[in-house]
Amino acid sequence: MSEHGYEAGRLNLPFVGISTFGKSPYVADWTAIDADVAILGAPFDFGTQWRPGARFGPRAVREASTLFSFGHAGAYDHEDDATYLGADVKMVDIGDADIIHTKTEESHANIEFGVRKILTAGALPVTIGGDHSINIPCINAFAEDCAINGPLHVVQIDAHLDFVDTRHGVTNGHGNPMRRAIEKDYVAGMTQLGIRNVSSTAKDGYDDARARGSDILSVRQVRKLGTQAVLERLPKGARYYVTIDIDAFCPSIASGTGTPSHGGFLYYDVLEILQGLAQRGDVVGIDLVEVAPAYDPSESTQILAAQLLLNFIGFIFHARKNHSAET
């Protein structure tokens, strides 16, 4: 039987210690990352068009993640009869990319540098934003990796299409990332889930996205199809990059975001899709964005974000282990 941290002589309750993500070890030297998965904070929110505050998302999500970090030997799920994130999965937190206020290009370059360092170390990059523009440097960081390992299929879970090309000269704000991603020759396709209601992207943006091969489904369409049918629309065995905007969720459970949109997903709507993705292909990168904790005094939004990420990371490595055992 697996052992747990209690036998080391410490109870190590969630409110004790430094708030790294999941209480994982902090690695300050980005040339010495030795892990299966590495967490990078991207506290940048200068790309927002309305309410700011997502710069505090990484700190809040890290703090919330300690709720699930009691020092047990992984997390046992009785429904799956599986233990996730056990001692066989090494996770580290490498801190935050340096953000230079008012300077988008330089800040994005620092985020890209961090993701590249994680990829060079052979670890899964998980980036916590920040507004959705931080997806742009995250995808940029995959250029060399994809030249060696093949293209990405981007899976976006979001209320908004984020497919604006340019508006008043802005090309790298939080309304642009999916357009910037599809322009990359190493992004082979895109699935956009949860898109709903009045959008910041005009009709021609939707037409352009579909013409470039994007599959766009609203919350109601996802629910009508069901999880399995949605997963079957994605290329099987692909390398998935997953970007999760917290406003994909209904603000009744995730009010702490700059651009809330009613009618969103509930927890299991998304969790079951993420579990299916981990089993259907290889998830090679993740970002979670737009947590703005000031708008949710209950702190439920950042708890949702932390719980979702921890479960998703667990699903990914459990699926990889099962695949290795089968082959």
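## Close-up views of a predicted model

**View 1. Strand β1 and its partners in the sheet.** Valine 37 stands opposite methionine 91 in β4, in a model that is predicted. The pairing between β1 and β4 is parallel and is made through four bridges. Towards β5, strand β1 (residues 37–42) is joined in the parallel sense to residues 124–129 over six bridges.

View 2. The open sheet consists of eight strands in the order β4-β1-β5-β10-β9-β6-β7-β8, and their pairing is parallel. Its edge strands are β4 (91–96) and β8 (214–217), each of which pairs on one side only. Taken on average and with direction ignored, neighbouring strands of this sheet are turned by 15 degrees against each other. Helix α6 (residues 203–211) packs on the sheet, where it touches β7 (187–193) and β8, and its direction makes about 130 degrees with that of β8. Helix α9 (residues 267–280) lies across β6 (152–157), β7, β9 (239–245) and β10 (282–289), and runs at about 165 degrees to β9.

View 3. Gly205, Tyr206, Asp208 and Ala209 are buried in α6. These residues lie on the same side of α6, because they cover an arc of only 165 degrees around the axis. An α-helix has 3.6 residues a turn, so residues three or four places apart point the same way. The buried residues of α6 pack against α5 (177–182), β7 and β8, whereas Lys203, Asp204 and Ala211 are exposed on the other side of the helix. After α6 comes glycine 213, which has a positive phi, near 100 degrees.

**View 4. Leucine 308 and the nonpolar cores.** The largest nonpolar core has 53 residues, and those with the most contacts inside it are Phe21, Val37, Val242, Phe265, Leu274, Leu277 and Leu308. Helix α10 (residues 300–326) contributes the largest share of this core, with 12 residues. When its neighbours within four places in sequence are left aside, leucine 308 is in contact with Ile244, Phe249, Tyr267, Val270, Leu271, Leu274 and Leu288. Another core, of 39 residues, lies apart from the largest one and has Ala42, Val154, Ala209 and Tyr241 among its members.

View 5. Glycine 129 and glycine 130 are joined by a cis peptide bond, for which omega is about 20 degrees. Glycine 130 belongs to the loop between β5 and α3 (135–140).

**View 6. Two loop residues with positive phi.** Leucine 85, although it is not a glycine, has a positive phi of about 55 degrees, and its place is in the loop between β3 (82–84) and β4. Leucine 85 counts as partly exposed, because its relative accessibility is 24%. Threonine 102, likewise not a glycine, has a positive phi of about 75 degrees and lies in the loop between β4 and α2 (104–120). With a relative accessible area of 66%, threonine 102 is exposed.

View 7. A polar atom of the serine 218 side chain lies 3.4 Å from the backbone nitrogen of arginine 220. Leaving aside neighbours within four places in sequence, serine 218 is in contact with Gly194 and Ile195.

Definitions and conventions: Residues are numbered from 1 along each chain as its sequence is written. This is a predicted model: local features need pLDDT of at least 70, side-chain atom pairs count only at pLDDT 80 or more; totals for chains, interfaces and linings use all residues. Side-chain values use heavy atoms; hydrogens and water are left out. Two strands pair if DSSP finds at least two bridges between them. Axes are lines fitted to C-alpha atoms, for helices over the stretch in contact, and angles run from 0 to 180 degrees between N-to-C directions. Contact means heavy atoms within 4.5 Å. A nonpolar core is a set of buried Ala, Val, Leu, Ile, Met, Phe, Trp, Tyr and Cys residues joined through side-chain atoms within 4.5 Å. Buried means under 20% relative accessible area, exposed over 50%, partly exposed in between (1.4 Å probe, protein chains only). A polar contact is a pair of N or O atoms within 3.5 Å; within protein, one must be able to donate a hydrogen and the other to accept it, and residues adjacent in sequence count only if both atoms are side-chain atoms. The arc is that of the directions from the helix axis to the C-beta atoms.
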